[in-house]
Amino acid sequence: MAASGEPGRQWQEEVAAVVVVGSCMTDLVSLTSRLPKTGETIHGHKFFIGFGGKGANQCVQAARLGAKTSMVCKVGKDSFGKDYIENLKQNDISTEFTYQTQDAATGTASIIVNNEGQNIIVIVAGANLLLNTEDLREAARTISRAKVMICQLEITPETSLEALTMAHSNGVKTLFNPAPAVADLDPRFYTLSDVFCCNETEAEILTGLAVGSPADAGQAAQVLVERGCHVVIVTLGAEGCVMLSQTEPVPKHIPTEKVKAVDTTTLSVEVIYSVYLSINISLSDYYILWALVTVLWGLWPSTWLTTQVCPWKKCSRDPISSRQSVSGLQEHSLLIHTKKTCHLICFDCY
């Protein structure tokens, strides 16, 4: 049964521009000075529980950027599931198709992060793997009316493929993040993806090619385009990303400003803005941009950034042209982040 939001909320009455079909994970996070060796027990200095999962993270970031969003997912009928639904509501995300099940626990991710921002993560997908075609059929009207539909592989590949097929057949732009990657990915994932976004490790798994440089990423992207993808983005961490498309078949390396990593599951916003410039998205249609932002930036767990980023809701400054620089350190939740020059976020509101 779906866990619906408050009936009077405006987002329940309006069409969701961004629909995410994907995972919800409760993050059990331990901060340590270093990562443990095999068989070793070490002391950590901080612990907290957060809301994660690739799908939900992407959905939360889209909502915080101002998009009307809907999350199609499944959690357990347990305390983690109940808390997760409330978190989505607090982020103004429609939970009409956030299902609960007694047959599995809410998905969890056990995460260890060291002082350098490196991490070790073990996920137990739980209820995420029970999201099925019948659930998608109930959400079909919402999916078919969206501007963008995003999905990943933390739910079953069959469910993600069905979601892509449903969106594609209704003319909805599709963004696919093939993570965690599998070598024998169904060929239909490529042809149904308007934007196919993977990191260098996932590109290696999918293509069998070593990806250690932007040039290597360009070769891998070419293979993915030949398989049917319309636009391919291979992210390279500190090296930015490489883009390739059927209409622009020459690989384009988009570098980014070097930053100190706090956690390697996130990307610099400068990468996103550079991608925005390179694919020439019209300013009259922010929805594709929002969705692209969430694919590139949405791996950051949604409760680790406690300050709401709402550039459209709090002032009239144009978030695209804003180039105000804010330096220095500010504590967000239990992690420290250095705020750099940002082209998308209006720092008057941040």
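In strand β11, Val 195 is the bridge partner of Leu 175. The structure is a predicted model, in which local features need pLDDT of at least 70 and side-chain atom pairs count only at pLDDT 80 or more, while totals for chains, interfaces and linings use all residues. Residues are numbered from 1 along each chain as its sequence is written, and side-chain values use heavy atoms, with hydrogens and water left out.

Strands β10 and β11 run parallel and are joined by 2 bridges; two strands pair if DSSP finds at least two bridges between them. Helices (H or I, at least four residues) and strands (E, at least two) are DSSP runs, numbered from the N terminus. Strand β11 (residues 195-199) also pairs with strand β12 (residues 231-235), in the parallel sense and over 5 bridges. Within β12, Ile 233 is the bridge partner of Cys 197. Of the 5 residues of β11, 4 are buried (under 20% relative accessible area, with exposed over 50% and partly exposed in between; 1.4 Å probe, protein chains only).

A search of the whole structure finds 4 aromatic pairs. Rings of Phe, Tyr and Trp (its six-membered ring) pair if their centres lie within 6.5 Å; planes under 30 degrees apart count as stacked, over 60 as edge-to-face and the rest as tilted. The pair of Phe 176 and Phe 189 is stacked, because the ring centres are 4.7 Å apart and the planes are at 20°. Phe 176 lies in strand β10 (residues 173-176) and Phe 189 in helix α6 (residues 188-191), 13 residues apart. Phe 176 is buried, with a relative accessible area of 0%, and Phe 189 is buried at 1%.

Strands β2 (residues 25-31) and β7 (residues 108-113) pair in the parallel sense over 6 bridges, and Leu 31 stands opposite Val 113 in β7.

Helix α7 (residues 200-207) packs against helix α8 (residues 214-226) at an angle of about 55°, with the axes 10 Å apart. Axes are lines fitted to C-alpha atoms, for helices over the stretch in contact, and angles run from 0 to 180 degrees between N-to-C directions. Ala 203, Leu 206 and Thr 207 in α7 meet Ala 220, Val 223 and Leu 224 in α8, where contact means heavy atoms within 4.5 Å.
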